[in-house]
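Welcome, and please open your viewer. We will go from stop to stop, and at each one you will hear what to select and what is there.

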Amino acid sequence: MARFTFGSGNARKLLRLPLYALGALTTLIVPRDRGLWVAGSGIGIGEGAVPLVETARRLLGGEQGEGIRVVWLARDDRELAAARERGWEAAPRDGWRGFRLTIRARVAIITHGFGDVNRYAVRGATVVQLWHGIPLKRLHLDTPAALRVSFLPDHRLVRRLMSAAYRRSSRMISLFPVSSALAGDRIRSAFGLRPEQIAITGDPRDDLLLAGSAEQRRARARELLRMTVGELPSGRVVLYAPTWRDGAPDPAVPTAADWRTIGGWLAESDTTLLLRTHPLGAGGYEEGPATSERIRMLGSDLLTDVTGILPAVDDLVTDYSSIVYDFALTGGRSVFLAPDLEQYAKSRGLYESYRDFSGGRHVTTWPEVLLWLDEDPALSAPHTAWLVGEHMDRLDGRATERVLAETLRRAGYPGDTISSKLLPAAESPTVARPVLVDAVFVEGDRPRLELRIRLRDGLPTPDGIRLQGARGRVEQTLVRERGTGDLRASLPLLGRRWGHDRLALPSGRYRLLLLTAGAEPSGRIDPPPSSAEHEGRPGAVLAHPLLRAEFRSEAGGATVNIGPPLRDDERGPTSQRRQRERYERAVFPTRDAVFFESFYGRSASDNPAGIDRALARLRPDLTRYWSVIDASVPVPVGAVRIIEGSREWWDARGGARLLVVNDWLRARWRRRPHQRVLQTWHGTMIKRLAIDRPGVGVRTRVAVLRERNRWDMLLAQNSYAADVFRSAYAFRRPIWLEGYPRNDVLVEGAAAPIRARLGIPAGARVVLYAPTWRDDRTEMVDYLDLESFADDLPPGDVLLVRGHSRTLPFGRDLEGSRLLDVTGYPDMAELLVVADVLVTDYSSVMFDFASTERPMVFYTPDLEHYSAELRGFYFDLIAEAPGPVVETREALLEVLATLELRSSVFEGARIAWRERFAPHDDGHAGERVVRRLIDEGYL
């Protein structure tokens, strides 16, 4: 089992505070010895500390050096003996001797934390924090997971305390070597470091992966592997190396059936599988070696540091481990096995999208891994090159020399401490990259970003440039400028999306990517040398009526942050607090206006949009305000867009006579005497809601009832939903059974214009996949590998993918040859108009689609988990579903391929389903609701 978790580690640190304080006081009176260095590593004798110690001993010790002793501090007797076998001076890390050595050492070399040496005596030393890999998963200050304390609640005050402790500790780091500007940006954020604490030197542990020829490296690695696990067959070698999960077991441990399948495949393909569990990981792999002699354990008890054997490995299978970056230096292929991607990304967080990290592909099962391993490795070569090119700035194998030279400088040793014969000049150029000579925002009616890029000699000429965000992108070709030869591009910041003109890019962080034929898009662009010192500081800013854009040179490249067009006195927590205080105190005059909000302003859609359409016809004299998060959200013709957080937004919220919403109003709303609220909700429910959910606590109950008290009337699609609302929200005010206005378009809407807006080919069958959101996930659930699933559909099919509105701020649009991600499409009902078949799970869309009488398929791979652990259901879906219910990808493909033959089987069930759940969806629900609002005096 795992020996360490964030919570337990932080708890020990807090309990040891008196010892830290005592050690800190002692460092004030004990002088540091310029002739003594100490070193250690959290995994034992390994990581970048090994080459650094060996180089320092060779160059700084003895008669020809400076007489500097480098002492390895060992965790236990086994490590102590191993260090001495290498000929190193070594001592126990803990206890009096380790304390005495550390408190006197001028330099302390560590790879994980201060506990690699004697943790109580590092203050005042020149601390060289080598770390142990390029971070993909978020570290320290960048993830709440690292700020927990096992005996304290997971509360923001506890996290704030640990954050302060981490920042204070980080001040003691003198040198933090990194592999690239990109990695340095992540490290700086994670540790709260100043820029001068970081040096782009390359990673010393990777020097051996760059030394000598490829044949020499492979021969050395094969010999090390033979000495570790014995003789191997001559065929291919695959290494499985999952990352650590904070004490949780590896979810990808093969089943008994998997082990048998793996064993058979290894024999057929003449392959050996090495199992390298994380030194702090948990998981049972013993069944593997017992299944096949071609499966070998390669635990840390056999080999402390796995880096040395990587050149002997042909294929790496991993999940989120930084070993991918190191392995890419060998040119080998990486296969990404991530069955818990969403949960891991949510709990830990990632510095870059997993899609980028994995090259746009990952699998969730071992049979899929084997299929990937059967493919031509050359297909993965562009991504392997991208991993190296994006994340490593020095590839000359001399990182150790650079770190040593930088250590001497920062520790205050004289400049001539080592002659040029002993330590050759370690400085060499970093990897050549294009230079961003200029970036200027152009204002006006067509705001844009003008760029000028200069290529260094020998670099391939990119074809185009892209501004890439999670839910939006702009792409342009590059034009060569006469005379200078520089490349120019103009990137518009307003555009057309889903048939709507002059929309701003969705708010978020956009990275500038260069597009070159035969290579993956690259974001590594150097700033001009003259402006290198301001890297990371705010650059040009564009304030436009439809957006706010800020250009930054950071993370080894360039980014543009797009935000809503808020004024200076409206942006930021302090300004919003003042706006809210003004809103709370103000007396607003009554406006003959309706305030609409749908899905917290992420779209102008759903039932509020259906009511808006009817209101525009029946009461065109009324002002229709639409609350939206930014100007990327199109609003209905004739309506007034108001940006959430703006002064106009607060005023409209306080003055409008009627508020129409389809979700919670949230804590910032206060009723005025002239105001009424129509809660339309956003669907009939099969999954349990509000206080009907299992295990609801007191705080949630209070929040539910407080929100319920804000609603004057509630709209229900059918009598079943009305009964659920009565129970789930203990709602005793009027419930209107008028049907759903959002579904009026299903009766009156024409499919052809919508298909044209979406770019769907004529004659194509449209399969709409629309799963609901999961309480334990942020991104859209994907049990299908949707990009490849689209390719496996019958010829002529087009797959539309629609994530729930709550997944919109997370994740990123999917891409595929026959796939269109419509998560950001303004109106779900229009997608139902063009869908020939609906695939869903537990989403309320199943009740809306009933009006079309077209076939539905229910894909429910996590039915038991969702029902028992997440939400629970109001009725038995499998017993009553008006279409096939399947649980596997293969079964879903089979059903979709034979749907016409199955459709008649469920015809009666579809009719009954419509009569029960959509009896009022006749195309006039919006009109009925508006007339009732008028008749009852709310308008």
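Select Ala730, which is partly exposed because its relative accessible area is 21%. Here buried means under 20% relative accessible area, exposed means over 50%, and partly exposed is in between (1.4 Å probe, protein chains only). You are looking at a predicted model, in which local features need pLDDT of at least 70 and side-chain atom pairs count only at pLDDT 80 or more, while totals for chains, interfaces and linings use all residues. Residues are numbered from 1 along each chain as its sequence is written, and side-chain values use heavy atoms, with hydrogens and water left out.

Ala730 sits in the loop between helix H21 (719-728) and S31. Helices (H or I, at least four residues) and strands (E, at least two) are DSSP runs, numbered from the N terminus. What is the phi of Ala730? It is near 45°, a positive value in a residue other than glycine. Most residues other than glycine have a negative phi.

Now select Glu47, whose phi is near 65°, again a positive value in a residue other than glycine. Glu47 belongs to the loop between strand S1 (33-39) and helix H3 (49-60). Is Glu47 buried or exposed? With a relative accessible area of 8%, Glu47 is buried.

**Second stop: salt bridges**

How many salt bridges does a search of the whole structure find? The search finds 67. A salt bridge is a side-chain nitrogen of Lys or Arg within 4 Å of a carboxyl oxygen of Asp or Glu.

Select Asp393 and Arg524, a salt bridge with its closest N and O atoms 2.9 Å apart. This pair links distant parts of the chain, 131 residues apart: Asp393 is in the loop between helix H15 (381-391) and helix H16 (399-410), and Arg524 is in the loop between strand S21 (508-515) and strand S22 (538-544). Asp393 counts as buried at 5% relative accessibility, and Arg524 is buried with a relative accessible area of 2%.

Next, pick Asp606 and Arg742, where the closest N and O atoms of the salt bridge are 2.5 Å apart. Asp606 lies in helix H18 and Arg742 in the loop between strand S31 (735-737) and helix H22 (744-748), so this pair ties together parts that are 136 residues apart in sequence. Both Asp606 and Arg742 are buried.

Then try Arg765 and Asp797, which form a salt bridge whose closest N and O atoms are 2.6 Å apart. Because Arg765 lies in strand S32 (residues 765-769) and Asp797 in strand S33 (residues 797-801), the pair ties together parts that are 32 residues apart in sequence. Arg765 is partly exposed, at 21% relative accessible area, whereas Asp797 counts as buried at 4%.

To finish this stop, select Glu738, Asp922, Arg928, Arg932 and Glu936 together: salt bridges that share partners join them into one network.

Show helix H18 (residues 606-618) and helix H32 (residues 925-935), whose axes come within 8 Å and cross at roughly 65°. Axes are lines fitted to C-alpha atoms, for helices over the stretch in contact, and angles run from 0 to 180 degrees between N-to-C directions. Which residues meet here? Gly610, Ile611, Ala614, Leu615, Arg617 and Leu618 in H18 meet Gly926, Glu927, Val929, Val930 and Arg931 in H32. Contact means heavy atoms within 4.5 Å.

Select Gly133, in the loop between S5 and H6. Gly133 is buried, with a relative accessible area of 13%. Leaving aside neighbours within four places in sequence, Gly133 is in contact with Asp203, Arg205 and Ser322.

Move on to Gly759, in the loop between helix H23 (751-758) and S32. Gly759 is exposed, with a relative accessible area of 56%.

**Last stop: a residue in a loop**

Finally, select Leu152, in the loop between strand S5 (126-129) and helix H6 (156-170). Leu152 is partly exposed, with a relative accessible area of 33%.
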